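This report goes through one structure by topic, from single residues to the sheet, the helices and the ligand shell. Terms are given with their cut-offs where they are first used.

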Amino acid sequence: MALSSYRTAAIPFHTFVLKVHSRCDLACDYCYMYRAADQGWRDQPRTMSPAVVAWTARRIAEHVRAHDLRHVAVVLHGGEPLLAGPRLVRRAVTEIAGEVGPRARVHTTVQTNGMRLDDAWLDLFGELGARVGVSLDGGRAAHDRHRVRPDGRGSHDRVSRAVARLATGRHRKLFAGLLCTIDLRNDPVATYEELLRHRPPQIDFLLPLGNWSAPPPGRVPGQSDTPYADWLAAVFDRWYAAPVRETEVRVLGDLVALVLGGRARGETLGLEPVRYLVVETDGSVALDDTLRVAYHGASRTGLHVALDSFDEVLRHPEVVARQSGASGLGALCRACSLLRVCGGGQYVHRYDADGSGFGNPSVYCPDLAALIRYVHRRVAADTERLRRRAGVREGCP
Ligand code: SF4
């Protein structure tokens with residue numbers, strides 16, 4: 001597709017993902033950093049230097065001023081961000097807040113594997129006003145199937161203790177939520193209820209990364225079965241039917257909002273523009289970590305915080321395409337009746353190494369279509385029931 005057909009009015013970034021450390025103390029078998037086609041992490045310094053922190057803080061502040069932003073999000077990420085140590089983490093948070101000043105509120109989140117999350121770290125995050133998200137795949141068997149230490153031992157016991165520390169007592173207000181990668185071998189409702197034990201404010205269920213050339217587990221391209229839709233539909237039934245809302249499930253909440261005509265909170269569903277970028281430990285600017293599963297160098301922009309403003313990143317062809325709504329999608333998605341809700345799914349899931357690049361439907365297309373229709377049916381039935389009830393009330397004497 002010619003770039004000239006894309007919408008050109010850039011939408012400013014509102015989320016800045018900082019890779020404060022490029023290595024990890026776990027060796028998860030599905031990791032998009034270390035197990036993917038892109039092995040660029042090998043060239044990265046282990047830790048973000050103070051100079052890169054300072055440049056990044058200035059670039060964020062510059063972007064805030066240029067676009068008159070009132071809120072921005074900073075995500076401290078890795079690798080494992082806690083490996084960067086408390087001094088660097090404190091420096092990153094305070095320098096960004098200092099550069100941005102009172103003009104905008106900086107919402108900081110730390111996304112950790114939980115292995116080092118002790119009271120000292122939590123006290124620091126409390127002091128810095130940073131919230132904490134932890135990756136937890138469910139119970140011990142589910143979690144330890146993938147999320148292992150370098151020597152192969154599981155990490156569940158330690159991580160679930162850390163989550164309990166975060167979820168209870170004085171640290172509870174720091175709890176941002178849990179990140180869980182779906183494994184079809186795990187029972188969906190049992191997985192959800194296991195995560196629910198920690199009373200997370202939000203759960204993010206992630207579809208395993210993959211694409212048409214390297215399909216995710218259980219997803220055979222071209223086949224019409226819908227194992228991931230079935231899995232998430234079971235969670236939906238449990239989540240949606242609860243008499244009180246026990247937690248936010250991001251993918252399901254977004255779907256309900258979208259089928260009701262609203263908007264998603266991110267760009268993995270619907271037609272929302274991409275609004276985040278990644279700063280690597282060496283200061284180079286990347287687009288999206290998940291692109292690492294496509295091909296070597298897929299997430300690179302060639303830009304650097306010391307040389308380039310974030311407005312320059314907005315002009316990168318892939319950002320332009322990902323801020324272009326339907327016109328940034330391939331022909332099949334543009335013609336699809338579910339386009340407004342689905343939006344082609346997550347960008348990386350559309351990739352095919354056959355030369356078509358990202359111009360395909362999602363490799364999860366049958367799952368996405370089935371799940372959208374399922375949620376739509378349930379929500380439409382509820383809406384109709386409420387409408388009838390209101391009608392009956394209106395008719396009452
Ligand atoms: S991925 Fe499939 S369901 Fe989604 S918009 Fe494209 S064709 Fe439609």
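## Two loop residues

Arg-172 lies in the loop that joins helix 5 (156-167) to strand 5 (175-181). Helices (H or I, at least four residues) and strands (E, at least two) are DSSP runs, numbered from the N terminus. The model is a predicted one: local features need pLDDT of at least 70, side-chain atom pairs count only at pLDDT 80 or more, and totals for chains, interfaces and linings use all residues. Residues are numbered from 1 along each chain as its sequence is written. Arg-172 is exposed, because 12 other C-beta atoms lie within 10 Å. The scale, with C-beta atoms placed from the backbone, calls a residue buried if 20 or more other C-beta atoms lie within 10 Å of its own, exposed if 12 or fewer, and partly exposed in between. Arg-145 is 27 residues from Arg-172 along the chain, and their C-alpha atoms are separated by 28 Å.

Ser-309 sits in the loop between strand 10 and helix 9 (310-314). It has 15 C-beta neighbours inside 10 Å and therefore counts as partly exposed. Leaving out residues up to four places away in sequence, Ser-309 touches Arg-59 and Glu-62; contact requires C-beta atoms, placed from the backbone, to lie within 7 Å.

Ten strands make up an open sheet with mixed pairing, in the order 7-6-5-4-3-2-1-8-9-10. Strand 7 (248-249) and strand 10 (300-304) are at the edges, each with a single partner strand, so one side of each has no neighbour in the sheet. Two strands pair if DSSP finds at least two bridges between them.

Strand 2 (residues 71-77) and strand 3 (residues 105-112) pair in the parallel sense over six bridges, and Val-72 is opposite Val-106 in strand 3. Strand 3 also pairs in the parallel sense with strand 4 (residues 130-135), over five bridges. In strand 4, Arg-131 is opposite Thr-109, and Ala-130 is the bridge partner of Thr-108. A right-handed β-α-β unit is made by strand 2, helix 2 (residues 86-100) and strand 3. From strand 3 the chain crosses through helix 3 (residues 119-128) to strand 4, in a β-α-β crossover that is also right-handed. Right-handed is used when, with the strands pointing away from the viewer, the path from the first strand over the helix to the second runs clockwise.

Helix 1 (residues 50-67) has 18 residues and should span 26 Å at 1.5 Å a residue; its end C-alpha atoms are 26 Å apart, so the two agree. The expected span is 1.5 Å times one less than the number of residues. Among the buried residues of helix 1 are Val-52, Thr-56, Arg-59 and Ile-60. Their cover includes strand 1 (15-19), strand 2, helix 2, strand 8 (276-279) and helix 9. Asp-68 follows helix 1 and has a positive phi, near 55 degrees.

Helix 7 (residues 227-241) has 15 residues and reaches 21 Å from its first C-alpha to its last, close to the 21 Å expected. Its buried residues include Tyr-228, Trp-231, Phe-236 and Trp-239.

## The ligand shell

The ligand is surrounded by 13 residues, of which the closest are Cys-333, Cys-336, Cys-342, Pro-361 and Cys-365. A residue is near a molecule if its C-beta atom, placed from the backbone, lies within 6 Å of it. Helix 11 (331-334), helix 12 (339-342) and helix 13 (365-395) each supply at least two residues of the shell. Helix 13 gives the most, with three residues.

The shell divides into ten nonpolar, three polar and no charged residues. Here Ala, Val, Leu, Ile, Met, Phe, Trp, Tyr, Cys and Pro count as nonpolar, Asp, Glu, Lys and Arg as charged, and the others, Gly among them, as polar.

Definitions and conventions. Two residues are in contact if their C-beta atoms, placed from the backbone, lie within 7 Å.
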